[in-house]
Amino acid sequence: MRKILVPIKRVIDYAQKIRVDPSKGAQGVQLKNVKMSMNPFCEIAVEEAIQLKEQNKGAEVVAISVGPKQCTETIRTALAMGADRGIHIETKPDVRGDYIDLQPWAIATLLKGVVEKEDAVDLVLLGKQSIDSDCGQTGPLLAGLLNAPQATFAANIERGDDGSFTVERETDTGTETIKLNASGKPAVITCDLRLNTPRYPTMPNIMKAKKKPVETISLEDMVKELGLDLDEVLTPKNEVVEVYEPPPRKEGETVGSIDELLGKLKEKGLVA
Amino acid sequence: MNTNSLTKLFNPTDDHAALREMVRSFTEREVEPQALDTIEVKHSINDGLGILGLTAPDEFGGTGLPDATAVSIVHEELSYSDPALCLSYLAHSILLVNNLAVNANDEQLALFMPGICDGSKIGGMCMSEPNAGTDVLGMKSNAVYDSARDGFILNGTKMWITNGTLTGKETGDLFLVYARTGPRRGQILLSLWWRKAWRDKLGMRASPTAELVFENVFLPAKTHVVGDVNGATLCMMRNLEIERVALAAMAVGIARRSLDEMIAYASNRPALARIQKHISESYAEYMAGKCYLYAIANGLDLSTYGNGLDADGVKLYCATMAKNVADRAIQVMGGYGYCGEYTVERLWRDAKLLEIGGGTNESHHKNMARDLHKLDGNKLE
């Protein structure tokens, strides 16, 4: 096995309470003074890449992130977990790192360029979705752009000696096993929650991670290098129309009997 | 407000920020869920994080971060959820591991360090005796040299030993023991037996405390005597400084948690006015303690001695601060605060230990008044 590319996203930490400023319209989700961390599904992808590397000596794990300068911290976390090097495509501060400005299409377009530039990438492992946008598009778009075999929502991944990957997916009707045949293209796999439990970066590894290389390149330079069009990459394909906080739960009413309950439910048209 | 200078004070380097982030996430996911389980003595300081041997040299299995700020960060974060677990961690990582890291020779480090850094062995340190607590230099335990066997014979009783027993059935694995080796003191390593495990404690119930008894324990002079014979007072004082800073960090963790609980409770209650004073004073005192802590920790060199005034001072301030903040948290939460599952009553009980362990408030008063007297009339900076 040669290279595993793991795209990782910096998002609002899963434990944070999201605050929305309604006056800001589509930009309403507050990102300032909010704890940011690696998207949990991306952590699972990093863990899986490291486990595959441990089983296949000589493989190199490359973590890549697109976003503002603080994405370096997210890459460092991946390096402390065990990735070998990082690539940071740095965006200007006025570009939001979330789905408002950098949408899956843009990320997948950049990742395709990086896969081709890196060469010798056998596998791209991504989270199945990011917890901020819940788009779940980046992996599938990337596979489409690369014309590469893909499997989504992986719950188990095995690599065959012939370079194929056998992936188990948990579906509503049971576990599905599919094989991604070696095709000369990298396999694209998106990772689901039950694939593994990500390790903690240990303190010695956090310190060693500082010595691992991280290549930082501006979005503009990267776009130029990959022969892409900046406007094409940055112009959102989707427009976020409105963002609002979930309405507070209304107070319930107490009913005296099951009959009364059924009556109320029927009244509201909730049961026939 | 620009919070940058505070961020830099609390996390001076990227390593510190990453350490805090890692321990905080470990605490949220692994420590918090078991923190209410204080009935059984537990033993869950298994490593894998590289924090057991935080300050020990990496060539002997440690993490190689001889750094009081890193020590403070780990203690603050663990204590946010489980001060008792943190106290056991302190006895092991500071009183045993760090003391050896600073005072033992390479042969001893190679012999003892790997096991206590990877967590396969858990131990602590023995200083107090049944009749020598604050007056530690009045200790009676003694180690007599036996030239025929080139070793020391240790006799004595040591009291309030954290990790003295881990299971309630047998002793911990390894202890650093202070004993008289002549007119002055030596420190010695050994295995031994225990007499009593103290279970019915006010707080810190998940951290085992025992009385250890030594009867004619033979210790080879080559491997089991740490530092110079008759020279352990310096080792003791040096390690007491970092212990006090770590205990102050535990107090800061307790205060932060108490505040979070108070604020969360108050946000759901309209009757805010009666508790504004509790919350605001608690926050101000917490921030004062935390700033004192990191200001001292950031400048403390673990290999030196002579930082006693502020090591005493920061613990004196933070321990009582934590107890008061936990007390106000109970008051704010009323009946809920008084009940176990709302956490703050446990923090209040745990915080009280910090006014006693690692030096009572009265011993800090004594030390600090003495050190301040030594200014000889010079004014404070």
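The largest cavity holds about 340 Å³ of space. A cavity is a set of points on a 1 Å grid over the protein atoms alone where a 1.4 Å probe fits but cannot get out. Its volume is the space filled by probe spheres set on those points, which are joined across faces, edges and corners. The model is predicted: local features need pLDDT of at least 70, side-chain atom pairs count only at pLDDT 80 or more, and totals for chains, interfaces and linings use all residues. Residues are numbered from 1 along each chain as its sequence is written, chains are lettered from A in the order in which they are written, and side-chain values use heavy atoms, without hydrogens or water.

In total, the structure contains 5 cavities of 30 Å³ or more. The lining of the largest one comprises 26 residues, each with an atom within 4 Å of a point. Lys9(A), Cys42(A), Ile107(A), Ser130(A) and Thr138(A) lie nearest the cavity centre.

Chain B meets chain A through 17 residues of chain B and 12 of chain A (contact: heavy atoms within 4.5 Å). About 1,300 Å² is buried between the chains, 57% of it from carbon and sulfur atoms. This area is the accessible area (1.4 Å probe) lost on putting the two parts together, summed over both. Asp15(B), Met22(B) and Arg29(B) supply 37% of the area that chain B buries against chain A, more than any other three residues.

Arg328(B) is buried, at 13% relative accessible area (buried: under 20%, 1.4 Å probe, protein chains only). Beyond its neighbours within four places in sequence, Arg328(B) is in contact with Met262(B), His278(B), Glu281(B), Ser282(B) and Glu285(B).

Conventions. On a 1 Å grid over the protein atoms alone, a cavity is a set of points where a 1.4 Å probe fits but cannot get out, and a pocket is an open set with protein on both sides within 12 Å along at least five of seven lines; lining residues have an atom within 4 Å of a point. Buried means under 20% relative accessible area, exposed over 50%, partly exposed in between (1.4 Å probe, protein chains only).
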